[in-house]
Amino acid sequence: MLKATGIVRRIDDLGRVVIPKEIRRTLKIREGDPLEIYVDRGGEVILKKYSPIGELGDFAQEYADSLYESMGHISCIADRDTIIAVAGAPKKEFVNRPLSSAVERVMESRKSVLINNTAEHQYYEEADEIIGPRFANEVIAPIISEGDPIGAVVMGSRDPSVKMSDLELKLVETAASFLAKQMEQ
């Protein structure tokens, strides 16, 4: 379902079209972000944010399943904007949902983080989001491909008594590194 914005733009002499700032902000389209171009039978041109991690599809799901089976913690794989695979929790609760502020901060910093007691962690305290953390405790590792953060691997527990350790941190870092290598092939 397409939604009209009422905004009209002309193509310049180099074939470029400017996407209005309001739309870029709403859809979190940043300078340098790749866009996929689709053309339908009716002649409409559709631009869609390209998710390199999304290309992994079933493979990302299988990796999330493996993490969950080995550790028993909810495991998620995300692209830059949403969770694309989850194991150990209902898909409708996670898949295609926006990322938490903590996951976004980890991608920006390009450094993994172990958070025991998310309610008191600065990444969540500084956030202006209405929805709080999904987990009581979690580990997050950014997926870095060719120097750019393209997603993250997250493992978490909703039970406050189940703490994350260096083992979980190493596992998500290994998963993130492996997925980055898959993207570079």
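**Notebook: helix packing and a ring pair**

Started with the crossing: α2 passes α6 in a right-handed sense. This is a predicted model, so I keep the confidence values in view as I go.

Next I looked up the geometry. Helix α2 covers residues 58-71 and helix α6 covers residues 166-184. I get an angle of about 165 degrees between them, and their axes lie 12 Å apart. Angles over 145 count as roughly antiparallel, so I log α2 as roughly antiparallel to α6.

Then the contact itself. On the α2 side I list F59, Y63, L67, S70 and M71. They meet L167, E168, L171, T174, A175, F178, L179 and Q182 of α6. Sorting this contact by class, I have 9 nonpolar, 3 polar and 1 charged residues.

Moved on to aromatics. How many aromatic pairs does the count come to? I find 3. I wrote up F94 with F135: the ring centres are 5.9 Å apart and the planes sit at 20 degrees, so the pair is stacked. Stacked here needs planes under 30 degrees apart. I also checked where the two rings sit. F94 is in helix α3 (residues 91-94), while F135 is in the loop between α5 and β6 (137-145). They are 41 residues apart, so I note a pair that links distant parts of the chain.

Last, confidence. The chain has a mean pLDDT of 86, with 92% of its residues at 70 or more. Where is confidence lowest and where is it highest? Helix α5 (residues 122-125) is lowest, with a mean of 76, and strand β3 (residues 74-78) is highest, at 95.

How values were computed:
Residues are numbered from 1 along each chain as its sequence is written. This is a predicted model: local features need pLDDT of at least 70, side-chain atom pairs count only at pLDDT 80 or more; totals for chains, interfaces and linings use all residues. Side-chain values use heavy atoms; hydrogens and water are left out. Axes are lines fitted to C-alpha atoms, for helices over the stretch in contact, and angles run from 0 to 180 degrees between N-to-C directions. Helices (H or I, at least four residues) and strands (E, at least two) are DSSP runs, numbered from the N terminus. Angles under 35 degrees count as roughly parallel, over 145 as roughly antiparallel, 65 to 115 as roughly perpendicular and the rest as oblique. A crossing is left-handed if the near helix is turned anticlockwise from the far one by less than a right angle, and right-handed if clockwise. Contact means heavy atoms within 4.5 Å. Ala, Val, Leu, Ile, Met, Phe, Trp, Tyr, Cys and Pro count as nonpolar, Asp, Glu, Lys and Arg as charged, and the others, Gly among them, as polar. pLDDT is the predictor's confidence in each residue, from 0 to 100. Rings of Phe, Tyr and Trp (its six-membered ring) pair if their centres lie within 6.5 Å; planes under 30 degrees apart count as stacked, over 60 as edge-to-face and the rest as tilted.
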